[in-house]
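Take a walk through this structure, from the whole chain down to single side chains. Keep the sequence and the 3D view side by side.

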Amino acid sequence: MGGWLDSFGRWDRPPVGFDVTQWRHRAALGRDHYVRVMYRGRLWPFGHLADLVKVTERKFDHARPDRAAYLNQRFFIMVREPVRSYGAPEDNADQRRLRRLFPFSSVRLLTLVTPDLETPRTIPGLSSTGGDPNEKLAFFPVSATEDPFQFQVSMLDLEGRLLEFRTPMAFVGKLVHENKADVQVIVDHYRSLVPEPSPGPPNLNDPAVRRAVADVRGQSIAYAPSRKPGDTALSTGQLIWGAATTEAILDLDPTDHPRFVPTVRWARAVIPALSQFGGFGTDQPQSVFYPEPYVRDAFTEANKGQVFVELVTPVDLTFRGSGQTSGALAQPNFPVAGLSRLTGPVAAAQGTAAGSAAGAGPVDKWAKLAQGRFNPLDYFGELAGAKLFGMFPLTEILSEIGLDNLKAPNFFTATVDAVTGFLGDLLGLRDLLTSVEEQFPGTVDAVLRVTDAAALFAQTLVDYIVGQLARATASTAVEESPDPTTIEEVENAFDAFADALAALRVALPAGVDTGVRQLLGRIAEQAATWDSAVGRALALKKAIELAALGAKLPDVVNSRLQWQPDIKAWTPGKPTPTRAEDAVFWPTGKLTLVTDLRGSLRPDVPQAADVTCTLGRFDLRMVPGFDAVVLHFDEIRFSMRAGQKPDVEVKFGGVDFVGNLAFVQTLRNIIPLDGFSDPPAITVDGSGIHANYSMQLPNAAVGVFSLENLSLNAVLSVPFIGDTPLQAGFAFCRREAPFRLTVSMLGGGGYFGIVLNPKEIAVLDAALEFGAAVSMNFGVASGSLSVMAGIYFRLDLAQNSVTLVGYLRARGEVDVLGIVSASIELYMELGYKDGYAIGRATLTISIEIGFFETSVTISCEKKFAGSGTGTAAFAGDAPRPAITPPTFVDLMSPYPDPVTGALIDPVLDYCTAFAEVD
């Protein structure tokens, strides 16, 4: 009939080459009816010890026709090591390095026993050893409802943040784990399941891809050790797992140590700065992975830039698409290629190594940041062709510098509620009002009253919240401590602050910076909600009381971009000057860009952004090689406040005429120094600032002397975009309104204007006219005679044109009883324009009889080129066309008569025409 068996074997630490930890066997009458075998292994990729349980038992099957008892077999996994921690002090160098690819300090498995699994399907490529089951135990668990089966896990990230989600894992048997070659095969196979990092999400319709992807559902994960809370955390959608090993790790004892290290190959995460500052689509998850500098050097001196995440595809951080702009003083659009713990989003260097041969590989994109150097060109590719004020190449003004003191763009984000946001504004109030106190001494008392009241209220508020929380959580002795801060004391301190704030807003002078007014207005709006809720937002007093009870308040994310790069002096085509006298652009202040993006707790108030770009004190010396004018600027500021139109403020410090124009230095005493900060005519638009100033001077007349129509004019054009350079123009009178000087019957007039940019004299326009006029009146007839001569000169480098003209105009007219009148005018000019000499003569005769009027004009023009062979006479001359008018030599050289063949000499004919005839 057969024997009976009831046996149990247990091996807690199976020896090498043996993988069974338990064997339970029951048989009756020579027939097995229950066998349970446990095979030791580890869960991949986290390394937890687990047993694969194979249960074979005989059961009656009533669905069969014979209703006999057949052997049924099922598999499931039991976790033997629920919690596994990472980063032990005894880790070898390879383990410490590869641990940086895994942002968790421990993993707890919440699923300790799986449901029944499908028959294991072994990972291909392993060495064959036979046994039961007949293939090595290395497979991805599959249940009747899930392929692959998802384990519930709880992970602790590097900031101590707890995350819960479900993730697939593989079971790797002990025999496989003991074979180094098989471990390497599984590492390679696991990597092949999901392609290399791609811009888009992994294809979860592919069952193979699902075996290495975990859905984290937007939970925040610290990808690296943080310097301050949240600076390395990203809201993550998906994690793509990996595993790595090295010879040093394979040499570890397989019984006590996994011969592999879990990694995150790449992930899908939201970049906070992109979601706050970027345009359309930047709030979507991006594909990220760990960059080589962080994996190799962590946050040591070898990775001074502290880059810890790299984007698969750089994403443009642009202020253009979302309507936020900082003016052309600085528009910080750049492709975000990674994240730094120091500065936030960073760009990577592109191209090949300098001096390398053709075909050389790309440079190390993170080399400069790893060395702690910041090159603005790596960030802002648009700087390659950008110019400050349309003139100064930013590539020559901004230099490669370090990462400290805001020299690289810094991004800050903070989650605030009604209480912490209000306290944050109060803390920033003192520093902001210090400048008001210095600039306007008359506001000292009001400013001190506000700052003192704000400090008292903030301290009282903190004492109240801390005290209430301590009373709720501490012992009875503490609860009964005397004189706790009450809500009434908080309210009294708030009332004192609100009154001081209202008084200061009324007393503020008109010249106070708009940023100060903006902050005071925002604080006043928050203060107005002390007792009354707005929409779904809590009243401020109610929010304080809830915070004191430890309640979770609604919060929003505020973001800030701040950049203050070093700028240097500039002169075109020369090394950086060290003296102001040698520089066209001489900065003594700073270039500062600040963008604040504030969330809103009130549904009726949208998210708002404030942008301010300031270029501090600097001088412009114009023109190189022809010192003429020095313009002093105290500040140029572009600001855009939420709900307001963009505003540009130019504080002009004055003008000095030097060098070749030192003789007009007296104009400083006439043109006010603030002429461009509040001029009679100013236009600010998207193209720039255009300011005009004009002063009409009184006429002067003494006897036969008369000087009239005098004016002084100035213009300043500061472009924001394009290649049009900054220009400053000064003029004494204008072409359409020249000055007039008369002494008896002699008179004249003229004007002078000059337009300069920091590189050259752009336009020089001047004219001077002089002559005499006499008139006679005999009663029945009258007449006049005038003869005027003048000279006109215009140099226009923008049009590449030079014009020089001398002219003579003679006019005579007679009038008889107002019935008959006649006039004759002779105008002759000889000029030079664009390389050619041009002569014109015009004779105009006009006759008027009663209602009849007619005039006849006879004119002629002669144009000839110089005798040069192709070099323009003036630097501004345009290139000559292929077909040109004849030169003077061509006109005056002897030539044969086309009819008679006789030689004709134009010079001889000209001379003999004025000689006496014999």
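What follows moves from the overall chain to one helix, then to a surface patch, and last to charged pairs.

This is a predicted model. The chain holds 18 helices and 46 strands. It has 918 residues, and 44% of them count as buried. Take the contacts with a separation of 6 or more: residues 24 or more positions apart account for 58% of them. The chain exposes about 45800 Å². Carbon and sulfur atoms supply 57% of that area.

Turn now to one helix. Helix α14 covers residues 487-507, which is 21 residues. From its first C-alpha to its last, α14 reaches 30 Å. That is close to the 30 Å expected at 1.5 Å a residue. Which residues of α14 are buried? They are Ile 487, Val 490, Ala 493, Phe 494, Phe 497, Ala 500, Leu 501 and Leu 504. Look down the axis of α14: its buried residues fall within an arc of 150°, so they line one face of the helix. The face turned away from this buried side carries the exposed residues Asn 492 and Val 506.

Next comes the surface. A nonpolar patch lies there, with about 940 Å² of accessible area together. Its members are Val 780, Val 814, Val 816, Leu 817, Ile 819, Val 820, Ile 824, Ile 845, Ile 847, Ile 849 and Phe 852. Three strands each supply at least two residues of the patch: β41 (801-816), β42 (820-833) and β43 (836-849). Which strand gives the most? It is β43, with 3 residues. Val 820 lies in strand β42. Its relative accessible area is 37%, so Val 820 is partly exposed: a residue counts as exposed only over 50%.

The charged pairs come last. Side chains of opposite charge can pair when their charged atoms come close. A search of the whole structure finds 31 salt bridges.

Start with Asp 157 and Arg 161. They form a salt bridge, with the closest N and O atoms 2.6 Å apart. Arg 161 stands at 25%, so it counts as partly exposed; the limit for buried is under 20%.

Glu 178 and Lys 174 form another salt bridge. Here the closest N and O atoms are 2.3 Å apart. Both Glu 178 and Lys 174 are buried.

The pair of Glu 196 and Arg 265 is also a salt bridge, with the closest N and O atoms 3.5 Å apart. Where do these partners lie? Glu 196 lies in the loop between α3 (180-193) and α4 (207-210). Arg 265 lies in strand β14 (residues 261-270). The pair therefore ties together parts that are 69 residues apart in sequence. Glu 196 is partly exposed, with a relative accessible area of 46%. Arg 265 has 10% relative accessibility and so counts as buried.

Salt bridges can also share partners. Asp 6, Arg 24 and Arg 26 are joined into one network in this way.

Conventions. Residues are numbered from 1 along each chain as its sequence is written. This is a predicted model: local features need pLDDT of at least 70, side-chain atom pairs count only at pLDDT 80 or more; totals for chains, interfaces and linings use all residues. Side-chain values use heavy atoms; hydrogens and water are left out. A salt bridge is a side-chain nitrogen of Lys or Arg within 4 Å of a carboxyl oxygen of Asp or Glu. Buried means under 20% relative accessible area, exposed over 50%, partly exposed in between (1.4 Å probe, protein chains only). Helices (H or I, at least four residues) and strands (E, at least two) are DSSP runs, numbered from the N terminus. Contact means heavy atoms within 4.5 Å. Accessible areas come from the Shrake-Rupley method with a 1.4 Å probe; for residues, only the protein chains shown count as cover. The expected span of a helix is 1.5 Å times one less than its number of residues. The arc is that of the directions from the helix axis to the C-beta atoms. Patches are made of residues with over 30% relative accessible area and no salt bridge: like charges are joined within 9 Å, nonpolar side chains (Val, Leu, Ile, Met, Phe, Trp, Tyr) within 5 Å.
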